[in-house]
Amino acid sequence: MRALKQGRVALAFVCIVLGIMLAVQFRTTQDIRSTIPFQRAEDLSQRLKLAEKERDSALRQLQEFENSTRAESVVREVDMFRMAAGYVAVEGPGLVVTIDDSKRAMKPGENPNLYLIHDDDMLKVINELWAAGAEALSINEQRLVVGSEIRCVGPTIMVNDTRYSPPYEIRAIGDPKTLEASLKMRGGVIETLQFWGIQATVKTQQNVKVAAYKGTHKFQFAKPLQEDTPK
Amino acid sequence: MMLPVLAVLVGILIGLFFPVSMPVEYGKFLAVALLASLDSVFGGLRAALEEKFDNPIFISGFFVNALLAVLLVFIGERLGIDLYYVASLAFGLRIFQNLAIIRRYFLKK
């Protein structure tokens, strides 16, 4: 033990150096953990876990579907197609657009047509709403389905073989914010209509009811193509 | 016996307060150097307990061992041989041996 006492200063110095090295090594390890490749690896492994979880739940769902009886799935499918065809009245968040003819006094010599609502105005609005992800649309209680027409008949508009005069009420179900934004964007449909004094009001509602389609779908000429059908 | 422990603590504090950080690529070298130093310290402790402690041998061993270890790993890196693991293994084994001898000494006492 005598020799140890002799070299005390040296030993202390060595130990201080050792401590510094320990601290620096600790910090370096900490740095490595925060570098991009390391983080990326961690990120990827996290994503892998997430994907695996998703796959497992999807597999479970698939099994459930396979286990549920065939009749059940057919009923579910029929319900879906009925909804898609417009045979079922639906409700949900969306907006109600009311469009009325211009009340502005016409200047002499001007074309009165500019101040009336036309079928193409309605079509533009409807088109914009479909594009914004509307799931169900109706004009004055007439559900718009695949074969629905919108055309001018004199001063009125014909929808689903039924005539309507202004004001027109368009009901749309979909994300209210997206639908509203699609109509009200700068240079959009509403702005163009308002230029001519046509009154258009857009109201978002949490619960919009859209009526069912009252007609029938007929296929007189069209037949399903056999080779294109799956299975 | 308290002095070395105290010195290590002081060193750690110095290292933490002076933000000297190694580039990540050199982390390996520092790790090997650290292992070599630890080995030297434990070897020194063992020598002291065996009454064979020699100051110059201890000090020179501490630095030369660390530097040589770093040099070896560096050369290994250049040649594509992972001497890092070899060095870690060798030093680790020696540290454990020294620790075992130190433990035995304390138990006998």
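**Exercise 1. Determine the strand order of the five-stranded open sheet in chain A and identify its edge strands.**

*Solution.* The open sheet of chain A has five strands in the order 3-2-7-1-8, with antiparallel pairing. Strands (E, at least two residues) and helices (H or I, at least four) are DSSP runs, numbered from the N terminus. Two strands pair if DSSP finds at least two bridges between them. Strand 3 (142-143) and strand 8 (199-210) of chain A each pair on one side only and are the edge strands.

The model is predicted: local features need pLDDT of at least 70, side-chain atom pairs count only at pLDDT 80 or more, and totals for chains, interfaces and linings use all residues. Residues are numbered from 1 along each chain as its sequence is written, while chains are lettered from A and ligands numbered from 1 in the order in which they are written.

Next, consider one pair within the sheet. Strand 2 (residues 136-139) and strand 7 (residues 168-173) of chain A run antiparallel and are joined by four bridges. Ile139(A) has Ile170(A), in strand 7, as its bridge partner.

Finally, helix 6 (residues 176-184) of chain A lies across strand 1 (90-100), strand 7 and strand 8, at about 20 degrees to strand 1. Axes are lines fitted to C-alpha atoms, for helices over the stretch in contact, and angles run from 0 to 180 degrees between N-to-C directions.

**Exercise 2. Describe the contact between chains A and B.**

*Solution.* Two residues are in contact if their C-beta atoms, placed from the backbone, lie within 7 Å. The contact takes 29 residues from chain B and 26 residues from chain A. On the chain B side, helix 1 (2-17), helix 2 and helix 3 each supply at least two residues; the largest share, eleven residues, comes from helix 1 of chain B. That side divides into 22 nonpolar, six polar and one charged. Here Ala, Val, Leu, Ile, Met, Phe, Trp, Tyr, Cys and Pro count as nonpolar, Asp, Glu, Lys and Arg as charged, and the others, Gly among them, as polar.
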